[in-house]
Amino acid sequence: MKLRHPCHRLRLTFRQQFRCFATKYTGRVVVEAENGRSFAVEVDAPTLQTDSRGYALPRRDLICKISQILKSPPSASTDPFLDLSDYLDTLTLTLAPSEASEILKSLKYPNLALKFFRFCPSEIPKFRHDCFTYNRILLILSKSSLPTRLDCVREIVDEMERSGIRGNISTVNLLIGIFGDGQEGSVKELIRCLDLVKKWDLRLNCYSYKCLLQAYIRLSNSDKALEVYQEMRRRGYRLDIFAYNMLLDALARDQKVDQAHKVFEDMKKWHCEPDEYTYTILIRMTGKLGKPGESLSFFQEMLSKGISPNLIAYNTMIEALAKGRMVDKSIFVFSKMVENSCRPNEFTYSIILNVLAAEGQLGRLDEVVEISKRYMNKSIYAYLVRTLSKLGHASEAHRLFCNMWSFHDRGDRDAYLSMLESLCNAKKVTEAIDLLNKMNEKGVKADTFMYNTVFSALGKLKQIPHLHDLYEKMKQDGPSPDIFTYNILISSFGRVGEVEEALKIFEELANSNCKPDIVSYNSLINCLGKNGDIDEAHMKFIEMQEKGFNPDVVTYSTLIECFGKTEKVEMARRLFDEMLAAGCYPNIVTYNILLDCLERSGRTSEAVSLYAKLKEQGLTADSITYTILERLQSGSHRTSRVRRQNPITGWVVSPLR
């Protein structure tokens, strides 16, 4: 090493700011040029500093260098661990465990840390992990999301035992936290942790007991958690409020009421003041047990201690009262909630709605709305409308919807959709059409889904004039129809025998941006077949195959029924065989249709064979199947059946549909 310096003796010190444990090197001048301008220095091995216990302090420059090597991105030609091996070969002193621990701490990725942890004893001569490096890698694994992390931890613990490395209480605490995470851990693993405590001659401290308590709770074992708590009490250790609440919640969930009450009394006795979460747990527990009086006592005790209930506490109290069907007290607590500036949420309103509906007092909903009028925005109105609609209370939903309409300039799309669905379900299609037409006034644009909802209701109620008018309005003002619109219209027109209209809609569909799908063809085939044009229905069946659509069980069943009703039994049988050959398996409806067809035509033996095939396929006969079988056995297929005549086609309609 050559340096240009006028001095004959040199002390070299490598320092970096904020690095208090820099390594110091000393050297001697061994060769000097005659002019004194250059010389050679021999550097001695550094004397490592030690702490008060005599342990060597980590060499920070070494730690930084190794961390830098490991963090360098690997390439096809280089491996960081090969570079690390080369670098370590240049060192006079081997890497110490304390330095390895610091390097592990600096590594960002668990896989890299684990690889380095394995590298040290296998590649560095005389290196041996100590308790602190084991703790470091366990801590890294505890925070990782590696899918094999538990297996890695088990391997490390096994290695510690084989190597005779004695862990400390921090090791045990880490293992309890890892194996008690509630997902992959188990009680068996926690028992092993306690065995290690005995093997290593350790003693659990207060923090260890808290970790163990939390682990058992996460593993849903409240009995073991309670045992740990009782052991803590015997040893004079105290829990904090967080641990008490965890234990109380676990006992409450497992309905260990007496134990929960005892822990609550201990909590107050040991001068750990309950908070709003403590009382919420107890209120929920007694409420679920159907003891709203006790819930109310806990609530009043909380208030008397000057604790302000939060939203969860209020909701829990109202829920407990609602479970006991105490409508007046539920509304009273709700009013206090608003009075104390605690904003109700959707869950609050759902509790009150349910109890009012259960008690037949939905008329008091106006009182609830008035109490909380300062918090009544369109979102809450929309939620109430949706909930009432789902509960089947269309009148109340409509009345509340009218209030929302009056108080807010802009509407809520979900509320309007819910109101539309509610009106359609209640068969109030005139009001639904009126709402659809007026949405724009509130800044809500009627979309295709809304139109389809009303189209479907009109079709089921056979309100064809309204259907015509609304469809024309949609084409004129928008939005554009989608495939569902066309399919609903084809089915609706077919239901009332307007075949020409159905064909017209199908043609519009074929010429639009949407193209017919299998549902479109099924609807049209059903329309044509059920209204007497079986040949055209069959042509559409062939056309859909030519278009690349594979007929499904609905297609085949529809055509088989149509052929059966026109006494074309052979054609019906042929379609059934074609269906099987195409790999389309008939369902119980298909079998019932063909069984009825064969029975009506007097082909008893074929019907019996078909029933046998039905059972072979593993299908379960229904009431219609048994009705047809009874007719077969009684031989009454020609005399005792009473069927009504279709006014359009003159067909005799079977009781299947």
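Student: Are F541 and Y556 buried or exposed?
Tutor: F541 is buried, and Y556 is buried too. The cut-offs are these: buried means under 20% relative accessible area, exposed means over 50%, and partly exposed is in between, using a 1.4 Å probe and protein chains only. Keep in mind that this is a predicted model, where local features need pLDDT of at least 70, side-chain atom pairs count only at pLDDT 80 or more, and totals for chains, interfaces and linings use all residues. Residues are numbered from 1 along each chain as its sequence is written, and side-chain values use heavy atoms, with hydrogens and water left out.

Student: What makes F541 and Y556 an edge-to-face aromatic pair?
Tutor: Rings of Phe, Tyr and Trp (its six-membered ring) pair if their centres lie within 6.5 Å; planes under 30 degrees apart are stacked, over 60 edge-to-face, and the rest tilted. Here the centres are 5.6 Å apart and the planes make 70°, so the pair passes both tests. F541 sits in helix α28 (residues 534-546) and Y556 in helix α29 (residues 553-565), so the pair ties together parts 15 residues apart in sequence. Helices, by the way, are DSSP runs of H or I with at least four residues, strands are runs of E with at least two, and both are numbered from the N terminus. The structure holds 16 aromatic pairs, and ring pairs also link F81, F116 and F119 into a cluster.

Student: Why is D266 called buried?
Tutor: D266 has 5% relative accessibility, which is below the limit, so it counts as buried. D266 lies in helix α12. Leaving aside neighbours within four places in sequence, D266 is in contact (heavy atoms within 4.5 Å) with Y229, R233 and Y244.

Student: Why are α12 and α14 called roughly parallel?
Tutor: Angles under 35 degrees count as roughly parallel, over 145 as roughly antiparallel, 65 to 115 as roughly perpendicular, and the rest as oblique. Axes are lines fitted to C-alpha atoms, for helices over the stretch in contact, and angles run from 0 to 180 degrees between N-to-C directions. Helix α12 (residues 257-269) and helix α14 (residues 292-304) pack at about 15°, with axes 15 Å apart, and they are therefore roughly parallel. In this contact, H261, F264 and K268 of α12 meet E294, F298 and E301 of α14.

Student: What about α4 and α6, and how do you know how they are arranged?
Tutor: The axes of helix α4 (residues 110-123) and helix α6 (residues 149-163) come within 13 Å and cross at roughly 20°. That angle makes α4 roughly parallel to α6. L114, F117 and R118 of α4 make the contact with C152, E155, I156 and E159 of α6.
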